[in-house]
Amino acid sequence: MKSLALRSELLVMDGLTRLIDHGDYWVQETPAEPDFWMGNQLILKHTDIDVASAEAAFTAHFPDAKHRAMVWDVPGLVASEAAPPFEAVGYERDVCDALTLTGEISPAEPPKGITLRPLLSEADWGQALALSLEIGVEEGHPADSHIGYLQRRSAGRRQQVARDLGQWFGAFEGDLLVAQMGIFHDAAVARYQHVETRQSHRRRGICAALLRHCCFWALDRAPHATPVIVADADGDAGRLYRRMGFAHTETITGVLLKGY
């Protein structure tokens, strides 16, 4: 697979997802999480597959899916060259940047009163789920539809942490979880996951401190790994990551019909 973003995404789905080669495309399946849109998708190897063929393939492999998700394994693909035919039939364009740390990560200390540590207890993981739901609703997802997806995602992450593939960290103010992120790695890549900060605690440097904390944890275990983070191409998060020492490596394009 050519895309670093997609390769690293498969790394963080180790043990949860499977990839099947079908010639012009791969099928990525996550059986225990059927409502994880980006875990159940077509990964298109080139841009010669038209909308009708792509949709027919998706339906054949995911006949019960309420969503449609496809991404091109073509780093640097200009979205306007591939997405418009899909957008014409209702898909949303999904363009993400993969950024890598090429030097040392920038200094960032947690604000006074904030403690950075792994999630350790059932209460910690319960707070993590509640924070994800809060932010999901903020982003427009209906709570009653979104909670099942989040519960299954959380269960998968906990399995991976138990297998020592990575760790999930939180920033706590007293006992209150105010930010969270995960990081998973092998010998070559350390990939961040699911960076979230409570609305009341944004723009205080908490995310930057947690980003640095996770980086040191991963590099202590895998000194030669390259830290990788994926963000919306035009979002505030990407600008923060660049200030922390991450640099653009590639852009990937996908299209999505949401399931709810």
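The exercises below, each with a worked solution, concern a predicted model.

Local features need pLDDT of at least 70 and side-chain atom pairs count only at pLDDT 80 or more, while totals for chains, interfaces and linings use all residues. Residues are numbered from 1 along each chain as its sequence is written, and side-chain values use heavy atoms, with hydrogens and water left out.

**Exercise 1. Classify the ring pair of phenylalanine 86 and tyrosine 91.**

Step 1. A pair of aromatic rings is described by the distance of the centres and the angle of the planes. Rings of Phe, Tyr and Trp (its six-membered ring) pair if their centres lie within 6.5 Å; planes under 30 degrees apart are stacked, over 60 edge-to-face, and the rest tilted.

Step 2. The count under this rule is eight aromatic pairs. For phenylalanine 86 and tyrosine 91 the centres are 5.5 Å apart and the planes stand at 90°, so the pair is edge-to-face.

Step 3. Buried means under 20% relative accessible area, exposed over 50%, and partly exposed in between (1.4 Å probe, protein chains only). Phenylalanine 86 is buried at 2%, and tyrosine 91 is buried at 4%.

Step 4. Phe86 and Tyr91 form one aromatic cluster with Trp72.

**Exercise 2. State which elements are tied together by the pair of phenylalanine 169 and tryptophan 217.**

Step 1. The geometry of phenylalanine 169 and tryptophan 217 is edge-to-face, with 5.6 Å centre to centre and 70° between the planes.

Step 2. Helices (H or I, at least four residues) and strands (E, at least two) are DSSP runs, numbered from the N terminus. Phenylalanine 169 belongs to strand β7 (residues 166-173) and tryptophan 217 to helix α7 (residues 206-221), so the pair ties together parts 48 residues apart in sequence.

Step 3. Phenylalanine 169 is buried, at 2% relative accessibility.

**Exercise 3. Find which residues line the largest cavity and sort them by class.**

Step 1. On a 1 Å grid over the protein atoms alone, a cavity is a set of points where a 1.4 Å probe fits but cannot get out, and lining residues have an atom within 4 Å of a point. Grid points are joined across faces, edges and corners, and a volume is the space filled by probe spheres set on the points.

Step 2. One cavity of 30 Å³ or more is found in the whole structure. The largest cavity holds about 70 Å³.

Step 3. Its lining consists of Trp125, Ala128, Leu129, Ser132, Leu150, Ser154, Arg157, Trp168 and Gln180. Two or more residues each come from α5 (122-138) and α6 (143-162), and α5 has the largest share, with four residues.

Step 4. Ala, Val, Leu, Ile, Met, Phe, Trp, Tyr, Cys and Pro count as nonpolar, Asp, Glu, Lys and Arg as charged, and the others, Gly among them, as polar. The lining of the largest cavity then divides into five nonpolar, three polar and one charged.

Technical notes. On a 1 Å grid over the protein atoms alone, a cavity is a set of points where a 1.4 Å probe fits but cannot get out, and a pocket is an open set with protein on both sides within 12 Å along at least five of seven lines; lining residues have an atom within 4 Å of a point.
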